[in-house]
Amino acid sequence: MPVYAAYGSNMDPKQMAEWAPHSPMRGTGWLPGWRLTFGGEDVSWEGALATIVEDADEQVFVVLYDVPEWDEASLDRWIGTDLGLYRKLRLRVATLEGDVLAWSYVLNSYEGGLPSARYIGILAEAAEKAGAPDDYVTSLRTRPCKKLGD
């Protein structure tokens with residue numbers, strides 16, 4: 001079964017249960033050589049959107065889900081692949097049990113711009129619920145962001 005690596009709000013199992021109800025959480029891991037960043041501020045109504053970019057000195061915490069075909073199609077619609085907002089990328093995830101081949105979504109836009117404070121809060125809460133280390137959650141909560149009305 002295909003494995004999805006979530007680094008954004010889909011780290012929250014409750015949200016995933018709404019968007020892809022037949023996709024159980026498989027575990028967590030890290031994307032070594034990748035960095036969480038934001039972009040696409042011009043295509044979002046609230047601020048920049050989460051994405052990942054290659055960076056040899058960084059790593060990104062992810063939640064892994066087993067996703068059957070019918071949930072994958074639903075998830076693609078929610079994420080906006082049909083609109084060209086995100087594309088899928090296959091990558092290796094480091095887990096305690098060994099590397100896992102998974103797919104994730106990458107923004108089809110330039111890096112840059114600030115996410116909203118609300119969005120940063122959603123990402124930090126999702127990471128915390130998924131069991132991300134405290135320092136990772138703190139790094140999310142302290143990222144620069146847009147304040148309401150900016």
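## Annotated residues

UniProt positions are given here in the numbering of this chain, with shortened feature names, and such annotations may be inferred rather than shown by experiment. The model is predicted, so local features need pLDDT of at least 70 and side-chain atom pairs count only at pLDDT 80 or more, while totals for chains, interfaces and linings use all residues. Residues are numbered from 1 along each chain as its sequence is written, and side-chain values use heavy atoms, with hydrogens and water left out.

The unreviewed UniProt entry gives the annotation "binding site" to Tyr4, Ala5, Ala6, Tyr7, Gly8, Ser9 and Tyr119. Of these residues, Tyr4, Tyr7, Gly8, Ser9 and Tyr119 are included in the lining of the largest pocket. A pocket is an open set of points on a 1 Å grid over the protein atoms alone where a 1.4 Å probe fits, with protein on both sides within 12 Å along at least five of seven lines; lining residues have an atom within 4 Å of a point.

## A look at Ala6 and Tyr119

Ala6 lies in strand S1 (residues 3–6), and Tyr119 is found in helix H3. Helices (H or I, at least four residues) and strands (E, at least two) are DSSP runs, numbered from the N terminus. Ala6 counts as buried because its relative accessibility is 0%; Tyr119 is buried too, at 16%. Buried means under 20% relative accessible area, exposed over 50%, and partly exposed in between (1.4 Å probe, protein chains only).

Leaving aside neighbours within four places in sequence, Ala6 is in contact (heavy atoms within 4.5 Å) with Met11, Phe61, Val62, Val63 and Tyr65. With residues up to four places away likewise not counted, Tyr119 touches Phe38, Glu46, Ala48, Leu49 and Ala50.

## Salt bridges around Arg35

Nine salt bridges turn up in a search of the whole structure. Each is a side-chain nitrogen of Lys or Arg within 4 Å of a carboxyl oxygen of Asp or Glu. Arg35, Asp55 and Glu111 are linked in a network of them.

Asp55 pairs with Arg35, their closest N and O atoms being 3.0 Å apart. This joins Asp55 in strand S3 to Arg35 in strand S2, 20 residues apart. Glu111 also meets Arg35 in a salt bridge, at 2.6 Å from N to O. Glu111 lies in the loop between strand S5 (98–107) and H3, and Arg35 in strand S2, so this pair ties together parts that are 76 residues apart in sequence. Arg35 is partly exposed at 24% relative accessibility.
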